[in-house]
Structures are given as C-alpha cells and as structure tokens.
Amino acid sequence: EGHTDRVDGAQVWGEQLLSWSNDGMLRLWARDGQERVRFEGHTSRIVGAKVWGEELLSWSHDGTLRLWARNGAERARFEGHTDRVDGALVWGEQMLSWGWDGTLRLWARDGREQVLFKGHGNRVNGAQLWGDEVLSWGWEGTLRLWARDGREKVLLKGHTIKVNGAQVWGEQLLSWSNDGML
C-alpha cells in the first residue's frame, strides 16, 4: 500500500523491495511492508528502474532519467530526450537510454550527454548490447547496429511495421514484429 496509481514494476534491492508506479514515484519497502524511502522528482509515469552500482537509475514518461542515492536523494538528472524515455541499459561506466523521440543517448554518470544516436524515424522500441556495439529496433520496422561513438554501422530492413524485440542467436540475429514475422 502506498502508491496512488497502478504499480508498473518492482525489484529486490538488497534486503528491501523497490517499486515504481504510474503515480511518478519510486518507493523502497522493508520486508514488513513499511515504506522506508520515497524517491520524488519524476512528474509522470515511471517506466523502469535498475540498480547501477550502489545507486538507482529510473526513467520516465516525463522525458528524464534520474540517478538516486539509496536514501532518496537525487544524484543526477539526465535531460535531453524530447519525449518519453522507454528504456535504459548500463554500458560499462556509461548508460544508454532510448525513447519516443527516435534517439538513443549515451550518458556519463553525472548526467552529461556524451553521444547522440540518431537514425530511427520514429520511436525506439528497445536496445541491447551486442559485443562492443549496440543494437536498437524501432517502430518504423528497422533494426540498427551502432558503434559506441554514435555511428550507424548497419541498417537492417525487412519488417514492415514496429519491431518488438531482437535476440542474438549465435552469429545470427532474430527479430520479431507486429507484422507477424520473425
């Protein structure tokens, strides 16, 4: 109990449980169900969160990502996306985010944007690391392989609409889409 809208996710963080919600809040709970910490700052639905070292990274439909100390203090704010942020992953000492503005962005831990990956014509639906590169897929039906410096190395076409996901399978890549194709 505690969120004022739908709970969108939860994960264990040490001996406590972290939850996030459509109410724009993250909350840290003890095993006995008592709220221990409230992370306040996002102004819209929180889409996801993950532990990054000793800190917590969250991303939201407010277009920002935030890095939090365990006590709820905001350590860094990542601003640059012009629409909803849909995902993030840790890439070594940096973090990569993607969103509805059609971009991926590589960030330093202090919130400075370091590289802009631009090429998707519409929302970026997901991304994953593939060796030293990143693979992204989007609503326009393409997949793209990027170098860490933001250069597009490969453009993969074949789907006619939104790509929902991809998986590396040995030396091959499997993708699936709303067009009913793998």
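This is a predicted model: local features need pLDDT of at least 70, side-chain atom pairs count only at pLDDT 80 or more; totals for chains, interfaces and linings use all residues.

1. Sheet E5 to E8. Four strands make up an open sheet, arranged in the order E5-E6-E7-E8 with antiparallel pairing. Its edges are E5 and strand E8 (74-79), each of which pairs on one side only. Direction ignored, neighbouring strands of this sheet are turned by 20° against each other on average.

2. Pairing of E5 with E6. Strand E6 covers residues 55-60 and runs antiparallel to E5, to which six bridges join it. Within this part of the model, Gly48 stands opposite Trp59 in E6.

3. Pairing of E7 with E8. These two strands pair in the antiparallel sense, and five bridges connect them. Leu67 has Ala76 in E8 as its bridge partner. The two strands form a hairpin with five residues between them. In the turn, Gly72 has a positive phi of about 95°.

4. Sheet E9 to E12. An open sheet of four strands is also found in the order E9-E10-E11-E12, and its pairing is antiparallel. Strand E9 (85-91) and strand E12 (113-118) are the edge strands, each pairing on one side only. From one strand to the next, the twist averages 20°. Strand E11 (residues 103-107) and E12 run antiparallel and are joined by five bridges. Trp107 has Glu113 in E12 as its bridge partner.

5. The structure holds four aromatic pairs. In one of them, the ring centres of Trp13 and Phe39 are 6.5 Å apart and the planes stand at 35°, so this pair is tilted. Trp13 belongs to strand E1 (residues 7-13) and Phe39 to strand E4; the pair therefore ties together parts that are 26 residues apart in sequence. Trp13 counts as buried because its relative accessibility is 5%, and Phe39 counts as buried at 0%.

6. The pair Phe39 and Trp68. Here the ring centres are 5.7 Å apart and the planes are at 75°, so the pair is edge-to-face. Phe39 lies in strand E4 and Trp68 in strand E7 (residues 64-68), so parts that are 29 residues apart in sequence are tied together by this pair. Both Phe39 and Trp68 are buried. With Trp13, these two residues form one aromatic cluster.

7. Arginines over tryptophan rings. Arg70 lies over the face of Trp13, a distance of 4.3 Å from the ring centre. Arg148 lies over the face of Trp91, at 4.3 Å from the ring centre.

8. His42 and its surroundings. Which side chains make polar contacts with the side chain of His42? One is the side chain of Asp62, at 3.1 Å, and another is that of Thr64, at 3.4 Å. His42 is placed in the loop between strand E4 (35-39) and strand E5 (46-52). Its relative accessible area is 7%, so His42 is buried.

9. Is His61 buried or exposed? With a relative accessible area of 15%, His61 is buried, because the limit for that class is under 20%. His61 has its place in the loop between E6 and E7. Neighbours within four places in sequence aside, the residues in contact with His61 are Ser44, Arg45, Val47, Arg84, Val85 and Asp86.

Technical notes: Residues are numbered from 1 along each chain as its sequence is written. Side-chain values use heavy atoms; hydrogens and water are left out. Buried means under 20% relative accessible area, exposed over 50%, partly exposed in between (1.4 Å probe, protein chains only). A polar contact is a pair of N or O atoms within 3.5 Å; within protein, one must be able to donate a hydrogen and the other to accept it, and residues adjacent in sequence count only if both atoms are side-chain atoms. Rings of Phe, Tyr and Trp (its six-membered ring) pair if their centres lie within 6.5 Å; planes under 30 degrees apart count as stacked, over 60 as edge-to-face and the rest as tilted. A charge sits over a ring if NZ of Lys or CZ of Arg is within 6 Å of the ring centre and within 35 degrees of the ring normal. Two strands pair if DSSP finds at least two bridges between them. Axes are lines fitted to C-alpha atoms, for helices over the stretch in contact, and angles run from 0 to 180 degrees between N-to-C directions. Contact means heavy atoms within 4.5 Å.
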